[in-house]
Amino acid sequence: MDIFYTSGVQFAETLQGALPGLDDFWLWVTFLGDPKCVFIFYFPLAYFLLDKKIGLTVLWLGLISEWLNLTSKWLLFGERPFWWISESGFSKKKEIFLRQFPSSCETGPGSPSGHCMITGAALWPIVSILARQIAKNSKSWMVRAVPFTIYFIFLLLIGLSRIFILAHFPHQVIGGILAGTSLGWLLQSWVPLERRFHFYLMTSFSLGLSATAIYWTLVTLGIDLNWSTKLAVKWCENPKWIRMDTYPFASLCRDTATVFGLGLTFHSSSYIQLKQERLGWLQRGWCAILSLVILYFLSSIAQPQDVTLWYGLNFVKYASFPWIVTSLLPKAIQKLASPGTPSHTE
């Protein structure tokens, strides 16, 4: 693996040196590829601007691929460039000029790239529906290929941004892209949409229990799964860059909470009333804008330092996201809508 790691560090050094002045661009791209954006941005945008089923598919693919990414990282033990450079002694053998960034200091193992894998899987249904719509109106294969071209360019840029900030090696990025596109293609037609509450409760419980079982099984076998966190803390340039939401169980908390929140939302009286109605385009546009603002605000508010309280509040926060998007905002916009923009019965 040292061959992959060495060549990856050299590639990262080339990126940082050959493209000066693009720090803000790469940091913005890596932010857009953050798995949290699936829950905060891509889910509500798809839900309101495309189709409800597409939005829910985006959300399901995001949380399923995030669970798979978490367990895969426990099993693959991938290094990250920002700590491997020093831990391996590579920096002593050769003078290198590499910089860390606040987004560099991820605490989990590096393989495969979660940004590429989770975002790739979640965006697949959006790209698929856009490609089908374009195919109905154009016979040109070049025009029909536009959505998938943009999709792969976006994933490539996310991967390059992760290499640029020393969060991943190139082979981890490639693995993440391949895994994400494969999951999106395979699972988009198998996503559960509306089931009984028992299904959501058991799914949430199963995701948490299975991941915990895998974790403790590996620990019982003598494998230290905290090795990556120790290295991240040791070699991160700024201790403040170590964020609790990059810890492995933070993503598991987000996934289980989202599934539980979906179950509560789909069986709430307000959602059942809205189910038979369709908002107008103006109303849907306002819902999309307000959902982005509210979800981003909730995700950005300061978190407590106590670990137990942090996980508890994080669970409540992400459990509320499906309710805010599918029930609260549509109901509020519907009530505030003027008589000239009524909602339509499906």
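Predicted model: local features only at pLDDT ≥ 70, side-chain atom pairs only at ≥ 80, totals over all residues.

Trainee: How many cavities of 30 Å³ or more does the count come to?

Mentor: Rolling a probe the size of a water molecule over the atoms shows where empty space is left. Here the count comes to one cavity of 30 Å³ or more, and the largest cavity holds about 330 Å³. Its lining has 23 residues, of which P35, K73, E106, T246 and S251 are the closest to the centre.

Trainee: Which helices each supply at least two residues of that lining?

Mentor: They are α4 (52-76), α7 (114-137) and α13 (248-266). Helix α4 gives the largest share, four residues. By class, the lining has 10 charged, seven polar and six nonpolar residues.

Trainee: Which residues does the UniProt annotation "active site" cover?

Mentor: The unreviewed UniProt entry places it on H115 and H168. They are spread over 54 residues of sequence but cluster in space, with a largest C-alpha distance of 10.0 Å. The lining of the largest cavity includes both H115 and H168.

Trainee: Is H115 buried or exposed?

Mentor: The cut-off for buried is under 20% relative accessible area. H115 has 6% relative accessibility, so H115 counts as buried. H115 sits in helix α7, and a polar atom of its side chain lies 3.4 Å from the backbone oxygen of T30.

Trainee: Where is H168 found?

Mentor: H168 is in the loop between α9 (146-164) and α10 (170-187). At 2% relative accessibility, H168 counts as buried. Its side chain makes a polar contact with the side chain of R80 at 3.4 Å.

How values were computed
Residues numbered from 1 in each chain as written. Heavy atoms only, no water. 1 Å grid on protein atoms, 1.4 Å probe; cavity = no way out; pocket = protein on both sides within 12 Å on 5 of 7 lines; lining within 4 Å. Points joined across faces, edges and corners; volume = space filled by probe spheres on them. Nonpolar A, V, L, I, M, F, W, Y, C, P; charged D, E, K, R; others polar. UniProt positions renumbered as here; feature names shortened; annotations may be inferred. Buried < 20%, exposed > 50% of the residue type's maximum accessible area, 1.4 Å probe, protein only. Polar contact = N/O pair within 3.5 Å; in protein donor to acceptor, adjacent residues only side chain to side chain.
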